[in-house]
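Me: I'd like to learn how to read a structure like this one. Can you walk me through a few features?

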Amino acid sequence: MPTDAHPGPLRVLVFGAALRAGSVNARLASLVARLVSDTGATADLAGMREFTMPLFDGDVEAAEGLPEGALALRDRLERCDAFVISSPEYNASVPGVLKNAIDWVSRVRPQPFKTKHALLVSASPSMVGGNRGLWALRIPLEHLGTRVYPDMFSLAEAYQSFTEDGRLANDRLQQRLAETVTGFLSLVEADVRYVCLQRRWYEFLGDETEAAVTQRAED
């Protein structure tokens with residue numbers, strides 16, 4: 001075991017990106033958190049209402065600094081090794097409330113999204129399950145230096161897809177989601193426990209932090 005190995009279980013922030021209390025994405029986030037815990041990792045389950053913030057406004061930032069909701073999300077991101085977003089799809093794209101949160105947190109230095117691993121999932125009553133929104137969500141996250149997991153999970157016809165105990169009614173989809181979570185956490189574990197390279201991460205060109213070294217596991 002390397003001397004800089006990660007101590008303790010992996011820490012994963014899981015949050016649903018919809019404000020509505022009965023959102024199917026909140027249910028999907030809760031299920032993902034259970035699957036994360038089943039692997040032995042620690043899941044920090046959160047909802048978007050925990051990170052309330054105004055619309056991004058440079059004048060507000062200059063006069064008042066970052067809002068409390070953005071700082072709270074920053075703190076939760078900094079405490080995790082990876083994060084999962086369960087996001088609805090609004091008009092084939094990212095919900096405004098989620099994009100606004102990303103924009104606010106992107107103003108923090110050092111950048112908390114940078115070098116974090118992320119898994120994106122979605123649930124929607126539509127036949128595409130919110131997948132178009134996830135493709136749009138990848139863009140700002142990857143721009144900020146997040147390592148977004150290649151495989152994404154989208155749950156179609158979500159209003160009819162959950163059992164009373166919070167699992168997916170379709171056993172095949174339940175298994176696929178569990179395998180996606182397990183595969184994602186295996187990659188995160190390889191990076192944080194078994195570091196083999198140290199490299200700089202350049203995707204977020206707005207970050208001018210000196211010696212911003214990223215520890216990466218690569219083949």
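Me: Let's begin with a side chain. Which side chain does the side chain of E89 make a polar contact with?

Reply: A polar contact is a pair of N or O atoms within 3.5 Å; within protein, one must be able to donate a hydrogen and the other to accept it, and residues adjacent in sequence count only if both atoms are side-chain atoms. Here, the side chain of E89 pairs with the side chain of R132 at 2.6 Å. The side chain of E89 also reaches the backbone nitrogen of G133, at 3.0 Å. Bear in mind that this is a predicted model, where local features need pLDDT of at least 70 and side-chain atom pairs count only at pLDDT 80 or more, while totals for chains, interfaces and linings use all residues. Residues are numbered from 1 along each chain as its sequence is written, and side-chain values use heavy atoms, with hydrogens and water left out.

Me: Is E89 buried or exposed?

Reply: Buried means under 20% relative accessible area, exposed over 50%, and partly exposed in between (1.4 Å probe, protein chains only). E89 has 14%, so it counts as buried. E89 sits in the loop between β3 (82-86) and α4 (96-105); helices (H or I, at least four residues) and strands (E, at least two) are DSSP runs, numbered from the N terminus.

Me: And what does N100 reach with its side chain?

Reply: N100 lies in helix α4, and its side chain reaches the backbone nitrogen of F56 at 2.8 Å. N100 is buried too, with a relative accessible area of 10%. For contact, think heavy atoms within 4.5 Å. Leaving out residues up to four places away in sequence, N100 touches M53, P54, L55 and F56.

Me: What about helix α6: how many residues does it have?

Reply: The expected span of a helix is 1.5 Å times one less than its number of residues. Helix α6 (residues 171-193) has 23 residues and reaches 32 Å from its first C-alpha to its last, close to the 33 Å expected. The buried residues of α6 include L177, F184 and D191.

Me: Last one: which class do the residues lining the largest cavity fall into, nonpolar, polar or charged?

Reply: Ala, Val, Leu, Ile, Met, Phe, Trp, Tyr, Cys and Pro count as nonpolar, Asp, Glu, Lys and Arg as charged, and the others, Gly among them, as polar. This lining divides into 9 nonpolar, no polar and no charged.
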